[in-house]
Amino acid sequence: MVSHKQTQSMSSREKILATIKQNQPPAAPLPSLALSDLAPVAPGFDAVQKFTTVLQGIGGSIVEVKNWDQIHAHLSAQFPSPARIINLIPEIHLGDSLNALSAKPHTLEDVNLAVIKGQFGVAENSAIWITDTDMGDRALPFICEHLALVIRASSIVNTMHHAYERIHTGYAFGTFLAGPSKTADIEQSLVLGAHGAKTLTVFLLP
Amino acid sequence: MEAQQHTASKDHATLADTFNRDEPRVDWHDKTLWFVRQKRDKAAWQIPEWEHLRETASQIKHNVLANLHHYLLSFEQQAQQNGVTVHWAANAEEHNQIVHSIIQKTGITRVVKSKSMLTEECHLNDYLQAQGIDVVDTDLGERIVQLANEPPSHIVLPCIHWKKEEIGELFHKHLGTPEGNSDPQFLTAAARVHLRERFMTSPIAITGVNFAIAETGEVVVCTNEGNADLGVQLSDVHIACMGIEKLIPERKHLGVFLRLLARSATGQPITTYSSHFRKPRPGQHMHIVLVDNGRSERLGSDDFRNALKCIRCGACMNTCPVYRRSGGHSYHYAIAGPIGSILAPALDMKKNADLPFASTLCGSCSNVCPVKIDIHDQLYKWRQVLAKDGYVGSTKKNGMKGMAFVLSHPRIYRISGSVGRWVSRHMPFLVSNSLNPWAKQREMPTAPKQSFGEWYRTNKRKA
């Protein structure tokens, strides 16, 4: 059965679409997104170097490591027991995996540290792409107090154009995450840790 | 809202006059926004292909406007396949009713909302509050103005007109922070605790939309604070509200827009979170409300269509000499500054007839616009439309008529020039008084004895 309200919104839909069809300007082609024009590479450009500088500039820290054990050593020193750690990377033997948890994301509220594998990084803005499958629970990277992301140095691409060439449809939720949560709403004073993670540490594996 | 009702009846000049009474504060406001403009410049100059990016973005948006019918249908179909419910609203009222009916069905009254200029345009908060819904804005700046019962004064920096001492006082009153503490770090931490409690207990989250992808049916929301993500990921129902012009054709076009948006807005290389919502989390319901509210009509106007390309970065406000010195509230519309002044008259010509005149037509807005909207040309064209349709006050109209008469009669022009110079030298009070709007907040310069024309004729003879 179609309710009165639905009929009304149907007619709004038809009305909006009809007006648009009538008022659309003449066809205009889409511009080329050729990388040679949109993302020319400067001589001597070093993607890892750029990623590092930008990340530090926006309040994140970067730790270059040789192997998983070094990440373990670094994090267990920084977050000694009884810190609550959710670690989604099996190679690092630390904290709990998500399997131990209930389905309710609210139970993650007291997580001190979340450790997540990022898919790749972007040099120009130090953003890291993660999707719902990497996150375990979609709330985790936002609700945790501190966040650690691990990427391979070789995964860093130059620009956002390169980034979207790497992204395919297989996700329900994905985010580019760049640095810790922040705000400058009070007199333009930068404060780290608005609502999301207060710190971001990026571990760079070879 | 009190401030909105209060400002609705007064025009930009009157409201700017009030703002200008406190000169040190105007200087501070001016400098703060110029600082943001300079950050934008630094970020743009690091990208040699910046101008090419702007041109590409403008062309993509042009293609969107020319194919909006097709892209909307494609978006709707893809979103539905992703398990999202799509709604269509012809105007603000219908938008508010749709959002309310979604909330009402859940029986819940606690709602968190992240930044959405569309919901400001529709006055959603007022509507929901009148229906007994407790809606809390979770962006820090928006929460501050909400506690103060004010609308935002800037689309990216909602409380840019507030000083930290005043925010300290506001938080003392509403959040119980110690009196006299105005440290931004401390106040932000207090807001984090206050809003975290709301996130944990609000099963409904409303967000805006920065970009919607016709190809995939996903919506992209950009924030620095993480408030949109935290709200949505802890909710049972996500309602995303968007104007129909937010569409872009394919996901790869985000590469262009995400490079431009934050750099133009605040000078950051990208916002902290650029989240792509494609499918709701298991057990969650996701709604998208597509809102027209005059946009489809405007699409038919060759002169004003380009305003629909706007990605709401706020760069035109930060650079505008009038905005910086008159404050966002003097524009008495949800979107202030140059872009607001070309959007507002399309919605209500009579109420917003003053706004296209709140500009020097210097063109700085068009120069920084990441999608190359011809903002200052449109301001000029709106003035003509408004004058033609009889929305311009008699003082301005008669002044213009007088000016046109003088300028088209050289003899009268010369005589009135010499009279004007004599009067301003011998009887300056006739010029620099409160009846002359040009003498407000300005000192009139001393007029020379001779005009250039007179000087030229004398010296030509000598030579």
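I take helices as DSSP runs of H or I with at least four residues, and strands as E runs of at least two, numbered from the N terminus. This is a predicted model, in which local features need pLDDT of at least 70 and side-chain atom pairs count only at pLDDT 80 or more, while totals for chains, interfaces and linings use all residues. Residues are numbered from 1 along each chain as its sequence is written, chains are lettered from A in the order in which they are written, and side-chain values use heavy atoms without hydrogens and water.

I looked up B:Met403 and found it in helix 20 of chain B. With B:Leu407 and B:Tyr413, B:Met403 forms a nonpolar surface patch of about 340 Å² of accessible area together (residues with over 30% relative accessible area and no salt bridge, nonpolar side chains joined within 5 Å; areas by the Shrake-Rupley method with a 1.4 Å probe).

I then turned to the helix pair: helix 20 (residues 394–407) and helix 21 (residues 410–426) of chain B pack at about 110°, their axes 6 Å apart, the axes being lines fitted to C-alpha atoms over the stretch in contact, with angles from 0 to 180 degrees between N-to-C directions. The two helices of chain B are therefore roughly perpendicular, a term for angles of 65 to 115 degrees. I noted B:Phe405, B:Val406 and B:Leu407 of helix 20 in contact with B:Ile412, B:Tyr413 and B:Ser416 of helix 21 (heavy atoms within 4.5 Å).

I also checked B:Glu166 and B:Arg25, whose side chains meet in a salt bridge at 2.9 Å, N to O (a Lys or Arg side-chain nitrogen within 4 Å of an Asp or Glu carboxyl oxygen). The pair links helix 10 (residues 164–175) and helix 3 (residues 23–45) of chain B, 141 residues apart.

Notes:
Parallel < 35°, antiparallel > 145°, perpendicular 65-115°, else oblique. Patch = residues over 30% accessible without salt bridge, like charges linked within 9 Å, V, L, I, M, F, W, Y side chains within 5 Å.
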